[in-house]
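Please look over the sequence and the structure shown here before reading on. The notes that follow go through it topic by topic.

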Amino acid sequence: MLIVMGDGEFLSGGLQRFGNIELNPASCVLNYGQGIIEGLKAHKKHDNSILLFRPEENGLRMKIGADRMCMPAPTIEQFVEAVKVTVLANRRWVPPPHKGFLHIRPLLMGTGPVLSLTPAPEFTFLIFVTPVGNYFEGGLKQLNLVVKEEIHRAVPGGVGSVKAIGNYAVVLKALIEAKADGFAEVLYLDSVYNKYLEEVSTANIFVVKDRIISTPVLGGTILPGVTRKSIIEIACSQGFQVEERLVSVDEMLDADEVFCTGNAICLLPVGSITYMGRRVLYGETGVVSQQLFSALSNIQMGLTEDQMGWTVILE
């Protein structure tokens, strides 16, 4: 689905077949990176209905991010409606229950041409979807992380809290090097003191110690993940003490459990973390990680009653 900005408002471009799009070589998104992505997913239930998980939260995050990037954004209502229309038009591609999900990728970009560093005169909002297989075939897969001290994902005053397209290009070098060394992902530290946890390349991180769950506080350098927010709310509803604060590397290395959250992965436990050549093992998936994963994934897939009011049902 394609919606183009014209005369101060977004005009519907309707549904189009997936394919290449035409861009002016001088478009702002190509020359100056004026673009934002979002990510959410759709699950199919046994009755053939489709569940969306908190799409309004993604619409709100895009709106807030667009303001930081000097971009107009669809209203939350426009965003959610566009997601619904796109998913329903592609419902045949939603995997069967327990076989995966439909990944939904909204994209907002400055497509108008510019020569100097200035906001684009025209913007495009589009959504494309693709089926994704089950991440959890055979149970939760543990992540092996490495801490990269010399590369930082974001800096204070930047756009670390926005799903800006440039945020992902800057971590590619660290991620490629880590995977070449046998690690699944990279954990980044703060750029000021180089000792406080920030996040993984595409996920937020949580630390569990004596049934207290801690996660780095949002402060402009960490993405406010929808899954992160949901896990915090679920954990609080289950009686856990949840702390959003500065979390040091030393605390993490002494934790009982560590896990990551994100749209695609939902929740994945961390099996090991390597920091300055020292590897710390966390053993099998912990009780807290498993409990929170089950609670969230059951809501997302419609296996339990959604008492939080988070899911949107498409018939």
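This is a predicted model: local features need pLDDT of at least 70, side-chain atom pairs count only at pLDDT 80 or more; totals for chains, interfaces and linings use all residues.

**Aromatic pairs**

- The structure holds 5 aromatic pairs, and in one of them the ring centres of Phe-18 and Phe-128 are 5.9 Å apart with their planes at 65°, so this pair is edge-to-face.
- The pair links distant parts of the chain, since Phe-18 sits in the loop between strand S2 (9-12) and helix H1 (28-32), while Phe-128 belongs to strand S7 (residues 123-133), 110 residues apart.
- Phe-128 has a relative accessible area of 31%, so Phe-128 is partly exposed.
- Another edge-to-face pair is formed by Phe-53 and Trp-310, with 5.6 Å from centre to centre and 90° between the planes.
- Because Phe-53 lies in strand S5 (residues 50-53) and Trp-310 in the loop between helix H8 (287-300) and strand S17 (311-314), this pair ties together parts that are 257 residues apart in sequence.
- Phe-53 is buried, with a relative accessible area of 8%, and Trp-310 is buried as well, with a value of 5%.

**A charge over a ring**

- Lys-41 lies over the face of Phe-101, at 4.7 Å from the ring centre.

**The annotated lysine**

- An unreviewed UniProt entry carries the annotation "modified residue: N6-(pyridoxal phosphate)lysine", and this annotation covers Lys-163.
- Lys-163 is found in the loop between strand S8 (143-148) and helix H4 (166-169), and Lys-163 counts as buried because its relative accessibility is 12%, where the cut-off for buried is under 20%.
- Leaving aside residues up to four places away in sequence, Lys-163 touches Gly-35, Ile-36, Ile-37, Glu-38, Gly-39, Arg-61, Tyr-168 and Leu-223.

**Helix H5**

- The buried residues of helix H5 (residues 172-180) are Ala-174, Leu-175 and Ala-178, and, seen down the axis of H5, they fall within an arc of 95°, so they line one face of the helix.
- The face of H5 turned away from this buried side carries the exposed residues Lys-173, Ile-176 and Ala-180.
- The cover over the buried residues of H5 includes S8 and strand S9 (185-189).
- Just after H5, Gly-182 takes a positive phi of about 95°.

Definitions and conventions: Residues are numbered from 1 along each chain as its sequence is written. Side-chain values use heavy atoms; hydrogens and water are left out. UniProt positions are given in the numbering used here, feature names are shortened, and annotations may be inferred rather than shown by experiment. Helices (H or I, at least four residues) and strands (E, at least two) are DSSP runs, numbered from the N terminus. Buried means under 20% relative accessible area, exposed over 50%, partly exposed in between (1.4 Å probe, protein chains only). Contact means heavy atoms within 4.5 Å. The arc is that of the directions from the helix axis to the C-beta atoms. Rings of Phe, Tyr and Trp (its six-membered ring) pair if their centres lie within 6.5 Å; planes under 30 degrees apart count as stacked, over 60 as edge-to-face and the rest as tilted. A charge sits over a ring if NZ of Lys or CZ of Arg is within 6 Å of the ring centre and within 35 degrees of the ring normal.
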